[in-house]
Structure formats: C-alpha cells, structure tokens
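Trainee: I'm new to this one. Could you walk me through how to read it?
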Amino acid sequence: MKCATGTRDGNGKCKILHSSEGRLRVCAPVFKKRGSPRFSHFLDQVLKRSEVKKVVVNSLLGSCLIEYDPCSIDQDEVVALLDEILKTESPASNHSSPTFLNGSLKKSKSELVLSKVGDTV
C-alpha cells in the first residue's frame with residue numbers, strides 16, 4: 001500500500017485509503033514517524049475531539065484508522081479536521097507519547113491503538 005499526499009482533491013496532507021460509515025483510513029508521512037513531536041501532536045489533537053472514538057496507527061504502512069461517531073460528525077468534517085491538524089506545526093516539545101486521559105493504549109512494533117473509555121480495543 002503506497003501513500004500519496006492529498007485528500008480527494010489533492011490539496012490536503014492526508015489521503016483517504018478507505019471509508020465506511022464511522023470509519024476512515026487515511027495515510028500521511030507523519031504516521032511513519034511514531035515518537036516524533038509532530039506525531040504526538042497529531043494524536044493529542046485528534047483524541048481531544050469527542051466525536052473520535054478510536055485511533056489505530058500503523059507506522060509500517062503510514063496509515064491511520066479513525067473510528068468516529070457518524071451521528072456527530074461526517075466524513076468530510078473528519079478529513080477537514082485531519083488536514084487542519086496536519087498542516088499545523090506541532091509545539092516545540094519532546095514528548096513522545098500522546099497525553100490523552102481516560103483511555104487505553106496498546107502498542108506493538110508497527111501498530112499503536114488508542115481508544116477512549118467505554119470503547120473496546
């Protein structure tokens with residue numbers, strides 16, 4: 001699976017690989033850089049949104065699966081949110097883990113799974 005940058009119109013920073021109601025898989029170069037400040041900034045910002053239920057990042061493929069509440073936000077809004085976060089520079093910090101609360105975290109060599117409380121991993 002090879003990722004190119006750009007949303008459907010080619011102007012954004014992430015590319016939609018697959019979507020279904022409540023699920024969106026995208027790719028962007030930042031997803032291959034687990035542990036970087038920009039990667040952590042992305043996770044922090046996405047997980048602050050109440051509509052986002054789960055984030056699964058595969059750093060080998062550079063892809064990210066976002067599970068969201070389709071009753072609260074639609075796919076185009078999720079893509080706009082992701083593009084906005086990805087074009088924002090991360091703060092100059094050296095933290096390497098997302099700072100979200102009330103959730104669960106599972107790590108493997110290539111996959112990072114983050115879920116909020118009440119959601120299954």
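**Reading the model**

Mentor: Accessible area is computed by the Shrake-Rupley method with a 1.4 Å probe, and for residues only the protein chains shown count as cover. Here the protein chain's accessible surface is about 6800 Å², with 48% of that belonging to carbon and sulfur atoms. This is a predicted model, where local features need pLDDT of at least 70, side-chain atom pairs count only at pLDDT 80 or more, and totals for chains, interfaces and linings use all residues. Residues are numbered from 1 along each chain as its sequence is written, and side-chain values use heavy atoms, leaving out hydrogens and water.

Trainee: Which pattern does the protein chain follow along the sequence?

Mentor: Helices (H or I, at least four residues) and strands (E, at least two) are DSSP runs, numbered from the N terminus. In this protein chain they run β-β-α-β-β-α-β-β, giving two helices and six strands.

Trainee: Is tyrosine 68 buried or exposed?

Mentor: Buried means under 20% relative accessible area, exposed over 50%, and partly exposed in between (1.4 Å probe, protein chains only). Tyrosine 68, in strand E4 (residues 63-68), is buried at 4%. Its C-alpha atom is 6.2 Å from that of arginine 23, 45 residues apart along the chain.

Trainee: How many disulfides does the structure hold?

Mentor: A disulfide is a covalent bond between the sulfur atoms of two cysteines. The cut-off is a pair of cysteine sulfur atoms within 2.5 Å, and the structure holds zero. The closest cysteine sulfur to that of cysteine 14 is in cysteine 27, 8.0 Å away, so it is too far for a bond.
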